[in-house]
Amino acid sequence: MQRLVVDLHQICARRVVLTPEQIHYLGRVLRLRVGDRFVAMDGKGQSWIVKLVEGEASPFEAELLEAIALNTELPIAVTLVMALPKGSGFDEVVRQATELGVTCIAPVISDRTLLHPSPQRLKRWQRIVQEAAEQSERQIVPTLLEPVSFSKHLQDMRDRPSTHYLCVTRSSAPHILTCLLPNTCPPLSITIAIGPEGGWTEAEVEQAIATGYQPISLGSRILRAVTAPVVALSLVAAVCETSGSHQA
Ligand code: SAH
(Lines give C-alpha, C1' and ligand atoms only; values in the text may rest on other atoms or scores of the structure.)
Protein backbone atom coordinates (compact mmCIF):
# COMPACT_ATOMS: atom_id res chain seq x y z
CA MET A 1 0.00 0.00 0.00
CA GLN A 2 1.23 3.54 -0.75
CA ARG A 3 2.57 5.53 2.20
CA LEU A 4 2.44 9.24 2.91
CA VAL A 5 3.93 11.24 5.77
CA VAL A 6 1.44 13.69 7.27
CA ASP A 7 1.79 16.20 10.08
CA LEU A 8 -0.10 15.49 13.31
CA HIS A 9 -1.76 18.91 13.09
CA GLN A 10 -3.34 17.84 9.77
CA ILE A 11 -5.44 15.27 11.65
CA CYS A 12 -8.71 16.46 13.12
CA ALA A 13 -11.78 14.37 14.09
CA ARG A 14 -10.39 11.23 12.35
CA ARG A 15 -9.90 13.16 9.11
CA VAL A 16 -6.57 14.11 7.52
CA VAL A 17 -6.76 17.52 5.85
CA LEU A 18 -4.37 17.13 2.92
CA THR A 19 -2.05 19.84 1.57
CA PRO A 20 -2.28 20.82 -2.14
CA GLU A 21 1.05 18.98 -2.75
CA GLN A 22 -0.29 15.81 -1.09
CA ILE A 23 -3.54 16.04 -3.09
CA HIS A 24 -1.49 16.38 -6.28
CA TYR A 25 0.74 13.45 -5.31
CA LEU A 26 -2.14 11.13 -4.38
CA GLY A 27 -4.44 12.10 -7.28
CA ARG A 28 -2.08 12.84 -10.16
CA VAL A 29 1.09 10.92 -9.37
CA LEU A 30 -0.32 7.82 -7.64
CA ARG A 31 -3.70 8.11 -9.43
CA LEU A 32 -5.69 7.21 -6.34
CA ARG A 33 -9.47 7.81 -6.34
CA VAL A 34 -12.13 8.34 -3.68
CA GLY A 35 -12.48 5.05 -1.79
CA ASP A 36 -8.83 4.00 -2.31
CA ARG A 37 -6.75 3.22 0.77
CA PHE A 38 -3.22 4.16 1.69
CA VAL A 39 -1.06 4.40 4.81
CA ALA A 40 -0.65 7.76 6.56
CA MET A 41 2.31 8.00 8.95
CA ASP A 42 3.08 10.87 11.31
CA GLY A 43 6.83 10.26 11.07
CA LYS A 44 7.10 9.89 14.84
CA GLY A 45 6.01 6.28 15.22
CA GLN A 46 2.28 6.19 14.48
CA SER A 47 0.63 5.09 11.26
CA TRP A 48 -2.90 4.45 10.12
CA ILE A 49 -4.73 2.83 7.23
CA VAL A 50 -6.74 5.66 5.71
CA LYS A 51 -9.32 5.97 2.93
CA LEU A 52 -9.60 8.81 0.42
CA VAL A 53 -12.92 10.62 0.72
CA GLU A 54 -14.31 13.77 -0.88
CA GLY A 55 -13.20 16.87 1.00
CA GLU A 56 -15.42 19.77 1.99
CA ALA A 57 -13.06 22.45 0.77
CA SER A 58 -10.70 20.32 -1.35
CA PRO A 59 -10.97 17.44 -3.84
CA PHE A 60 -9.84 14.89 -1.23
CA GLU A 61 -9.44 14.33 2.45
CA ALA A 62 -8.44 11.06 4.11
CA GLU A 63 -10.46 9.25 6.75
CA LEU A 64 -8.61 7.29 9.45
CA LEU A 65 -9.78 3.66 9.41
CA GLU A 66 -7.43 1.89 11.81
CA ALA A 67 -4.08 2.30 13.55
CA ILE A 68 -1.26 0.00 12.42
CA ALA A 69 0.53 -1.82 15.23
CA LEU A 70 3.40 -3.16 13.09
CA ASN A 71 6.89 -2.09 14.15
CA THR A 72 9.69 -2.03 11.59
CA GLU A 73 12.08 0.04 13.70
CA LEU A 74 15.41 -1.15 15.10
CA PRO A 75 15.36 -1.82 18.86
CA ILE A 76 18.12 0.74 19.46
CA ALA A 77 18.66 4.34 18.36
CA VAL A 78 21.41 4.63 15.73
CA THR A 79 22.99 7.97 14.83
CA LEU A 80 25.15 8.34 11.71
CA VAL A 81 27.70 11.14 11.96
CA MET A 82 29.20 11.68 8.54
CA ALA A 83 31.76 14.12 7.17
CA LEU A 84 30.04 15.42 4.04
CA PRO A 85 31.35 13.68 0.90
CA LYS A 86 31.92 15.78 -2.19
CA GLY A 87 29.45 16.25 -5.04
CA SER A 88 26.02 14.76 -4.50
CA GLY A 89 27.37 11.69 -2.66
CA PHE A 90 25.44 12.51 0.51
CA ASP A 91 22.07 12.17 -1.31
CA GLU A 92 22.58 8.42 -1.65
CA VAL A 93 24.01 8.10 1.89
CA VAL A 94 20.91 9.77 3.33
CA ARG A 95 18.61 7.48 1.33
CA GLN A 96 20.45 4.27 2.18
CA ALA A 97 20.95 5.13 5.86
CA THR A 98 17.20 5.74 6.15
CA GLU A 99 16.43 2.40 4.47
CA LEU A 100 18.81 0.68 6.90
CA GLY A 101 17.01 2.05 9.97
CA VAL A 102 19.06 5.03 11.13
CA THR A 103 17.40 7.26 13.75
CA CYS A 104 19.41 10.42 13.28
CA ILE A 105 21.73 11.70 10.53
CA ALA A 106 24.29 14.29 11.60
CA PRO A 107 26.36 15.75 8.73
CA VAL A 108 29.64 17.28 9.90
CA ILE A 109 32.33 19.44 8.34
CA SER A 110 35.73 17.97 9.11
CA ASP A 111 39.21 19.32 8.31
CA ARG A 112 39.27 17.55 4.94
CA THR A 113 35.61 18.10 3.99
CA LEU A 114 35.35 19.79 0.62
CA LEU A 115 31.58 20.37 0.49
CA HIS A 116 30.00 23.29 2.34
CA PRO A 117 26.29 22.76 1.75
CA SER A 118 23.73 25.40 0.88
CA PRO A 119 20.32 25.59 2.64
CA GLN A 120 18.79 24.11 -0.58
CA ARG A 121 20.87 20.97 -0.12
CA LEU A 122 19.57 20.55 3.40
CA LYS A 123 15.99 20.80 2.12
CA ARG A 124 16.78 18.26 -0.58
CA TRP A 125 18.22 15.81 1.98
CA GLN A 126 15.15 16.32 4.17
CA ARG A 127 12.93 15.38 1.22
CA ILE A 128 15.04 12.30 0.48
CA VAL A 129 14.83 11.18 4.13
CA GLN A 130 11.04 11.46 4.02
CA GLU A 131 10.69 9.63 0.70
CA ALA A 132 13.03 6.85 1.82
CA ALA A 133 11.15 6.46 5.13
CA GLU A 134 7.89 6.05 3.21
CA GLN A 135 9.40 3.65 0.70
CA SER A 136 11.08 1.44 3.30
CA GLU A 137 7.95 1.35 5.50
CA ARG A 138 9.56 2.99 8.52
CA GLN A 139 7.42 4.18 11.41
CA ILE A 140 9.60 7.19 12.03
CA VAL A 141 11.20 9.71 9.74
CA PRO A 142 14.84 9.97 10.87
CA THR A 143 15.99 13.33 12.19
CA LEU A 144 18.38 15.19 9.90
CA LEU A 145 20.53 17.66 11.83
CA GLU A 146 22.04 20.83 10.37
CA PRO A 147 25.72 20.43 9.48
CA VAL A 148 28.17 21.53 12.20
CA SER A 149 31.95 21.36 12.42
CA PHE A 150 33.31 18.04 13.72
CA SER A 151 34.76 19.83 16.76
CA LYS A 152 31.31 21.33 17.57
CA HIS A 153 29.84 17.83 17.27
CA LEU A 154 32.44 16.57 19.75
CA GLN A 155 31.51 19.33 22.19
CA ASP A 156 27.78 18.57 21.85
CA MET A 157 28.17 14.81 22.24
CA ARG A 158 29.50 15.10 25.80
CA ASP A 159 25.92 15.32 27.11
CA ARG A 160 24.55 12.43 25.03
CA PRO A 161 24.48 8.92 26.44
CA SER A 162 25.46 6.75 23.47
CA THR A 163 28.22 4.31 22.57
CA HIS A 164 30.35 6.18 20.04
CA TYR A 165 32.31 4.36 17.31
CA LEU A 166 34.77 6.18 15.05
CA CYS A 167 35.41 4.35 11.75
CA VAL A 168 39.13 4.50 10.97
CA THR A 169 41.19 2.95 8.19
CA ARG A 170 44.64 1.26 8.37
CA SER A 171 44.65 0.77 12.13
CA SER A 172 44.68 -2.10 14.60
CA ALA A 173 41.23 -1.06 15.84
CA PRO A 174 38.82 -3.97 16.48
CA HIS A 175 36.23 -4.86 13.85
CA ILE A 176 32.79 -3.35 14.53
CA LEU A 177 31.30 -6.85 14.83
CA THR A 178 33.61 -7.82 17.66
CA CYS A 179 32.44 -4.71 19.51
CA LEU A 180 28.75 -5.38 18.91
CA LEU A 181 28.46 -9.16 19.30
CA PRO A 182 29.80 -9.85 22.81
CA ASN A 183 27.46 -7.20 24.08
CA THR A 184 24.86 -9.23 25.97
CA CYS A 185 23.46 -6.01 27.37
CA PRO A 186 23.58 -3.82 24.27
CA PRO A 187 23.64 -0.05 24.46
CA LEU A 188 20.33 1.68 23.85
CA SER A 189 21.99 4.08 21.51
CA ILE A 190 24.91 3.78 19.08
CA THR A 191 26.66 6.58 17.20
CA ILE A 192 28.87 5.78 14.20
CA ALA A 193 31.15 8.40 12.66
CA ILE A 194 32.49 8.14 9.09
CA GLY A 195 35.22 10.40 7.69
CA PRO A 196 35.43 12.20 4.33
CA GLU A 197 37.16 10.92 1.16
CA GLY A 198 40.53 12.08 2.48
CA GLY A 199 39.93 10.41 5.86
CA TRP A 200 40.04 11.94 9.37
CA THR A 201 43.18 13.89 10.29
CA GLU A 202 45.30 12.47 13.11
CA ALA A 203 44.27 15.39 15.32
CA GLU A 204 40.59 14.64 14.71
CA VAL A 205 41.05 10.99 15.61
CA GLU A 206 42.89 11.94 18.82
CA GLN A 207 40.29 14.54 19.78
CA ALA A 208 37.42 12.13 19.09
CA ILE A 209 39.00 9.37 21.19
CA ALA A 210 39.65 11.85 24.01
CA THR A 211 35.94 12.79 23.91
CA GLY A 212 34.73 9.19 24.15
CA TYR A 213 34.79 7.69 20.66
CA GLN A 214 36.13 4.12 20.27
CA PRO A 215 38.06 3.53 17.03
CA ILE A 216 36.70 0.61 14.99
CA SER A 217 37.37 -1.10 11.68
CA LEU A 218 34.95 -2.15 8.94
CA GLY A 219 37.37 -4.70 7.49
CA SER A 220 40.78 -4.79 5.82
CA ARG A 221 39.89 -2.97 2.62
CA ILE A 222 39.53 0.80 2.25
CA LEU A 223 35.89 1.57 1.49
CA ARG A 224 34.73 4.71 -0.28
CA ALA A 225 33.28 7.31 2.07
CA VAL A 226 29.80 6.62 0.65
CA THR A 227 30.15 2.82 1.01
CA ALA A 228 31.35 2.85 4.64
CA PRO A 229 28.03 3.96 6.24
CA VAL A 230 26.11 1.26 4.33
CA VAL A 231 28.48 -1.43 5.64
CA ALA A 232 28.45 -0.11 9.21
CA LEU A 233 24.66 0.33 9.39
CA SER A 234 23.98 -3.07 7.76
CA LEU A 235 26.12 -4.76 10.42
CA VAL A 236 24.45 -2.88 13.28
CA ALA A 237 20.97 -3.72 11.93
CA ALA A 238 21.91 -7.39 11.38
CA VAL A 239 23.21 -7.76 14.95
CA CYS A 240 20.17 -6.00 16.43
CA GLU A 241 17.68 -8.02 14.43
CA THR A 242 19.20 -11.47 14.91
CA SER A 243 20.18 -11.38 18.57
CA GLY A 244 17.31 -12.01 21.01
CA SER A 245 18.99 -10.01 23.75
CA HIS A 246 18.87 -6.98 21.50
CA GLN A 247 15.09 -6.98 21.34
CA ALA A 248 14.60 -5.72 24.90
N1 SAH B 1 41.74 8.20 1.92
C2 SAH B 1 41.40 7.61 3.18
C3 SAH B 1 40.14 6.77 3.03
C4 SAH B 1 38.99 7.44 3.55
S5 SAH B 1 37.59 6.47 3.33
C6 SAH B 1 42.47 6.67 3.62
O7 SAH B 1 43.28 6.30 2.78
O8 SAH B 1 42.53 6.35 4.80
C9 SAH B 1 36.40 7.49 4.10
C10 SAH B 1 35.99 7.07 5.49
O11 SAH B 1 35.33 5.82 5.42
C12 SAH B 1 37.11 6.87 6.48
O13 SAH B 1 37.50 8.08 7.10
C14 SAH B 1 36.46 5.92 7.48
O15 SAH B 1 35.67 6.63 8.39
C16 SAH B 1 35.57 5.08 6.59
N17 SAH B 1 36.20 3.81 6.20
C18 SAH B 1 36.49 3.38 4.93
N19 SAH B 1 37.00 2.14 4.95
C20 SAH B 1 37.03 1.75 6.25
C21 SAH B 1 37.44 0.56 6.93
N22 SAH B 1 37.92 -0.47 6.28
N23 SAH B 1 37.31 0.53 8.27
C24 SAH B 1 36.82 1.58 8.97
N25 SAH B 1 36.42 2.73 8.39
C26 SAH B 1 36.51 2.82 7.04
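**View 1. Helix α1 on the sheet of the predicted model.** Helix α1 (residues 20-29) lies across strands β1, β4 (37-41), β5 (47-54) and β6. The helix runs at about 175 degrees to β1. Helix α3 also packs on the sheet, where it touches β1 and β4. The direction of α3 makes about 145 degrees with that of β1. The model shown in this and the following views is predicted.

**View 2. The open six-stranded sheet.** The strand order is β1-β4-β5-β6-β3-β2, with mixed pairing. β1 (3-5) and β2 (11-12) are the edge strands, each of them pairing on one side only. Inside this order, β3 (residues 15-16) pairs with β6 (residues 60-67) in the antiparallel sense, over two bridges. In β6, A62 is the residue that stands opposite V16.

**View 3. The aromatic pair F90 and W125.** Two aromatic pairs are present in the structure. One of them joins F90 and W125 in an edge-to-face arrangement, with 4.8 Å centre to centre and 80 degrees between the planes. The angle is over 60 degrees, so the pair counts as edge-to-face. F90 belongs to helix α2 (residues 89-99) and W125 to helix α3 (residues 119-135), so the pair ties together parts that are 35 residues apart in sequence. F90 counts as buried because its relative accessibility is 1%, and W125 counts as buried because its value is 0%.

**View 4. The largest nonpolar core.** This core has 41 residues. L80, F90, I105, W125, I176, I192 and V236 have the most contacts inside it. At least two core residues each come from β7 (77-83), α2, β8 (104-109), α3, β11 (163-167), α5 (176-180), β12 (189-194) and α7 (228-242). Helix α7 supplies the largest share, seven residues. In soluble globular proteins, nonpolar side chains tend to be buried together.

**View 5. Surroundings of I192.** With neighbours within four places in sequence left aside, its contacts are T79, L80, V81, Y165, C167, I176, A232 and V236.

View 6. A separate core of 15 residues includes V16, I23, W48 and A62. V16 and A62 are the residues that stand opposite each other in the sheet.

How values were computed: Residues numbered from 1 in each chain as written. Predicted model: local features only at pLDDT ≥ 70, side-chain atom pairs only at ≥ 80, totals over all residues. Heavy atoms only, no water. Phe/Tyr/Trp six-rings, centres within 6.5 Å; stacked < 30°, edge-to-face > 60°. Helix = DSSP H or I, 4+ residues; strand = E, 2+ residues; numbered from the N terminus. Buried < 20%, exposed > 50% of the residue type's maximum accessible area, 1.4 Å probe, protein only. Pairing = 2+ DSSP bridges. Contact = heavy atoms within 4.5 Å. Axes fitted to C-alpha atoms, helices over the stretch in contact; angles between N-to-C directions. Core = buried A, V, L, I, M, F, W, Y, C linked by side-chain atoms within 4.5 Å.
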